[in-house]
Amino acid sequence: MDRRFEDEQAVVATGEDRVNSQIQLFTESKPTEVFRVTTTDGDTVRATADHPFMTPDGMVELDELDTGDTVLTSGFVGVVDEQPEEFTLLDESDFEDENHQLVSHLTEQDLLPLRSTDDAFARLLKLVGFHTGDGSFSGAQSWFYADREDLEAIRDDISALGFSPSPVYERERDHQVNETEFSRTEHSVKVGARGFNKLLTKLGAPRGPKVESGFTTPAYFDRLTDWQRALYLSAYFGAEMSAPSAQHDKNLYCPKVSQNRERAVADAGEQFMHEVADALNSLGIETNTVERFEADSRDGVERLRVGIKNDSENLIQFFSTVGYRYNEHKQQEAAAAMQYLKRKEHTIERRAEIAAEVATRADGGTPVSTLRAESDINDRFIERSAWSGRSGRPRPPADFPDYEEFRTEVSVRPDNTVQTAIEQIELAGAEPVYDIGVEHDAHNFIADGFVVSNCGVRMMRTNLTYDDIEGREEELTNALFDAVPTGLGGGGVIDGSRESIDAALEYGVEWALEEGWAIESDLTHCEDGGRRLDADPSAVSKRAKDRAMNQMGSLGSGNHFLEVQRVTDIFDTDTADAYGLSEEQVVVLIHCGSRGLGHQTCNDYLRQIEEEHDDLLAQLPDRELAAAPAGSDLAEEYYGAMCACINFAWVNRQLIMHRTREVFADVFDRSWREMEMELLYDVAHNIAKREVHQTSAGETELFVHRKGATRAFPAGHPEVPTAYRDTGQPVIIPGSMGAGSYVLSGGDHSLSETFGSTAHGAGRLMSRTQAKDEFWGGDVQDDLRDQQKVYVKASSGATIAEEAPGVYKDIDEVVRISDALGIGDKVARTFPVCNIKG
C-alpha cells in the first residue's frame, strides 16, 4: 500500500464492523515491484503481485486477477482514531438520590466511575444516541424500537455492559397518516434494570415525550473526540435519518433528520439541530441550513430539520465516515449509494480528462474524424469537446444507469462489502513494501477501500521432543500466530460458502475428510467420530450461518488458545502408552468452539424460549437457567441446531489442526506425517447430549448438560473410541499459561457419581475486568518468557492480562480432587512452550 501511517493507525475489517486499531508491528522491506489497481468505481490501491484481494470466491492473489475480474470493496472507513480527553462522566455523587444497592451494582460492573476513555462509555454513547431517536422510558424500564435484526445488535451491546435485555417483542400496531389507515409490525426490546435506565438518562437520553422535552446534545458532547461524536450521531441517524434513495434520474435525495417539538421547547430543538450540524461540519460533512417551520398536523408543534448537502463528494464523505448504526437496511443502502456516487464521479472525471485532451489536440490541428475514431466515447461528445473547446464538468453519459436501475443490479453482502470490477492493473514501479500488524482481533484489512488479507479441546501428539524445539520457540510462536486466525470478528483458515457451512453443520469432520482437511484417524480419535447424527442444519438461522462464513478455522477470543506443550510428568505408564504419551514429548492443545455461529444460535433460541415459555421461566430461581421443556417441538429443534453447532466446532478445531500441521512442516522442514502429528483426542465442552444412564428408575434416557464440565467415560463404555476402550476416554483439562494442563482418563466412578463427567478446566478466580486492573499484558508476557520460558502472543495486551496465570485456580488441586473421586484419573501433566491467544 502507498499509505503512510503517520498516526500509527490502521483500519481493519472485523466482519460486522470496521474499527481503527493501534499498529503493533510496522516493518519495511527493500523496494519491490508494485502494481496500481483501479476499479470501475475509481478505487485505487498499490499492491505486490502476491498480495491477496477478497473476491466472491475467496482471497485471490493479485497476479491471478485481471481487468474485468470482480473484487470486493468497502466504502465505510470511519473516523481516524485519536486518544480521548480523559474525564469522569459519572461517579457515585451523581447517584446520591439512589439506593446503595444500585450504586454498588454499577460499581461492581465497572460502570462507576464512568470515564470518557472506558470501552463501556463507547457502547453507552451508541445506545444513548439511538434511544434519543427511537427509544422511550416507562418507569424503570428502557425501551428500544427497531427491526428485529437491528435490535439483536442493540441487545449485544446491552449484554456486554452487564445488563439482561428482554427478547425481541413483536406486535401489530394500527396507524393513521392523514386519511390513510394501515398497520405494521413493531419490534422492541426492553431493559428492566433501573441502573441501566439511570445511566441512559444521566448521559443525556431525554425522559418523557420528546416533543415536550427541552433536550439538546449531551452536555459533554463538545469534549468528545470526533470518533466518539460520530458514534453518537451514527446511532441517532440509524434511528431517525432517512435512508439513501433516488431523487430523480441520476441524483439522490439528501439524507435528512427531523424532530417535532412543542413551541415552548422548539428553541432547544433548533439548538440540537445546530449542534448536530456543527459536529458533522467538523468531520468535513457539509449540511444544509437548519429548517424550522410549523408542523402541518399538530397545532402548536414546530418541526426542525437538517439535511446533508446534496453533493456527491459530500454524500460519500458522510456515508464513509458516519453513516448509520443499529440499522442494517440503511447501512446496506449507504454502501450501495456510495458505490453509485463513486462510479458516477469516476465516469465524469474520465470524461472531463478526455474532453480536455480532445480540445487540446483539436487546437493542435488533429482532425475531428481522427479523434472520433480513436475514442470509445460517443461521437457527439467528441465533436462538442473539439469544436467548443469544452471545459468544466461534463454530465454522465446517457447510458449511465439511473440509481434505481443500478440498485436492482448491485448486491450488498452482509458485511456491507460490494462487488466491483477491476478496470486497470498497471505497473507502478519499485517501492518499499510494508508489513503491518495491528493490536486487534481481525485479519482482514480495509486498504483504500479494498478488502485484503493480512467450546471444546483437542490434543495432537508428535514425535518431537522438547530438545527439538528449544531455542526456536519464538519462531514457532510467530509462525503459528501468523497462520491461525485469532480474536473476535472474521477471518478463517478457509473462506466458507453457504454450501460448505451447511455441509460442516451436517457432517462434521466427515466433511473435512472429504475436502482434504483431515485423515481417517482424526475421525476415529474424536468424540462421536466427529459427527453428531442428530444435527439439523435447517434449524440454524441464516444470521448464524452468515456469521460463520468467514470464521471457519479460527480460535476466537476469551480463553481460547492454541498451545504447544511438553509432557513433564507421567502418572499412569500403561494408559500413557495407550495414549502415545511420554516424558519430554511435544504435544499441541487446541481450545476453541463454534465461534459466532454457536453464540448466535444460542441467542436465537433463548429469545424463542423466553417468548414461548415465559411462564415456566418465571418459576426458575434464575432466568439464566432458561430452557425449553424436554419433548416440546422447540426443544427438539434447538437440540438439532445445537448438534449442528457441535459439528461445526469439531470442523473448526480440525481446520486449525490442519493449519498447525502445515506450520510445523514449514518451521521444521519435514512433513507433518514424518513428525507423526496425529490426533490424540477431541472432546466437547459445555454441551448437552441425550444419553442413557442408570438411575433409581433403571436405565433412563436423559439430557446431560455439561456446563463447565466435560465427558469422562470409563474403560469399557461403548461410546469410547476403540483405541481407548480398554483404558477409558482421554480427558483433557487445560490449566493456565503458567501452570500447564493435564490428561486424565475417564474414572471408574464417573458414571455413578457425575453422569460420566469431570471438570473441563481450572476455572477462574477473578473476572476479566478485575484481571485487567491487576495485570498488565506486557508484564505477564515478559514474565512468562523470562522466568518460565513460555512464549505468548495475542491480538492485544488486554487479552494476555485477562488470561494471566494468577487469574486461574490451582489446576493441580482441581485434578487432585477429580483423581481422588475416581471420576477422572491422572495420566500425564503438560507444560506450555508456546501459546497464541485471541
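**Helix packing, burial and backbone geometry in a predicted model**

Helix α2 (residues 119–134) packs with helix α4 (residues 194–202) at an angle of about 80°, and their axes lie 10 Å apart. Because of this angle, α2 is roughly perpendicular to α4, where angles under 35 degrees count as roughly parallel, over 145 as roughly antiparallel, 65 to 115 as roughly perpendicular and the rest as oblique. The axes are lines fitted to C-alpha atoms, for helices over the stretch in contact, and the angles run from 0 to 180 degrees between N-to-C directions. Helices (H or I, at least four residues) and strands (E, at least two) are DSSP runs, numbered from the N terminus. In this pair, L124, L127, V128 and H131 of α2 meet F196, L199 and L200 of α4, with contact meaning heavy atoms within 4.5 Å. The residues of the contact of α2 with α4 comprise 6 nonpolar, 1 polar and no charged; Ala, Val, Leu, Ile, Met, Phe, Trp, Tyr, Cys and Pro count as nonpolar, Asp, Glu, Lys and Arg as charged, and the others, Gly among them, as polar.

The model is predicted, so that local features need pLDDT of at least 70 and side-chain atom pairs count only at pLDDT 80 or more, whereas totals for chains, interfaces and linings use all residues. Residues are numbered from 1 along each chain as its sequence is written, and side-chain values use heavy atoms, with hydrogens and water left out.

For the protein as a whole, there are 26 helices and 32 strands, and the C-alpha atoms fill a box of roughly 95 × 70 × 50 Å, taken along the principal axes. The radius of gyration is 30 Å, which agrees with the value near 28 Å that a compact globule of 838 residues would have; this radius is taken over C-alpha atoms, and the globule rule is 2.2 Å times the number of residues to the power 0.38. Buried residues make up 53% of the 838 residues, where buried means under 20% relative accessible area, exposed over 50%, and partly exposed in between (1.4 Å probe, protein chains only).

Helix α7 is mostly covered, as 8 of its 10 residues are buried, namely S312, N314, L315, I316, F318, F319, S320 and T321. The buried residues of α7 pack against α5 (226–240), α6 (266–282) and α8. Within α7 (residues 312–321) lies N314, which is buried with a relative accessible area of 5%. The side chain of N314 reaches the backbone oxygen of K309 at 3.0 Å; a polar contact is a pair of N or O atoms within 3.5 Å, and within protein one must be able to donate a hydrogen and the other to accept it, while residues adjacent in sequence count only if both atoms are side-chain atoms. Not counting residues up to four places away in sequence, N314 touches G284, I285, E286, I308 and K309.

Just after α7, G323 takes a positive phi of about 65°. Y326, although it is not a glycine, has a positive phi of about 60°; Y326 lies in the loop between α7 and α8 (328–363) and is buried, with a relative accessible area of 6%. F755 also is a residue other than glycine with a positive phi, near 55°, and is found in the loop between α22 (750–754) and β30 (757–759). F755 is partly exposed, with a relative accessible area of 36%. A cis peptide bond, with omega about -10°, joins L112 and P113, and P113 lies in the loop between α1 (100–108) and β9 (114–115).

E636, placed in helix α21 (residues 633–668), is partly exposed, with a relative accessible area of 37%. Although E636 and D534 are 102 residues apart in sequence, they are 9.7 Å apart in space, C-alpha to C-alpha. E636 touches G631, R690 and F703, not counting residues up to four places away in sequence. S188, found in strand β13 (residues 180–191), counts as buried at 6% relative accessibility. With residues up to four places away in sequence not counted, S188 touches W143, F144, Y145, L151, P167, V168 and Y169.
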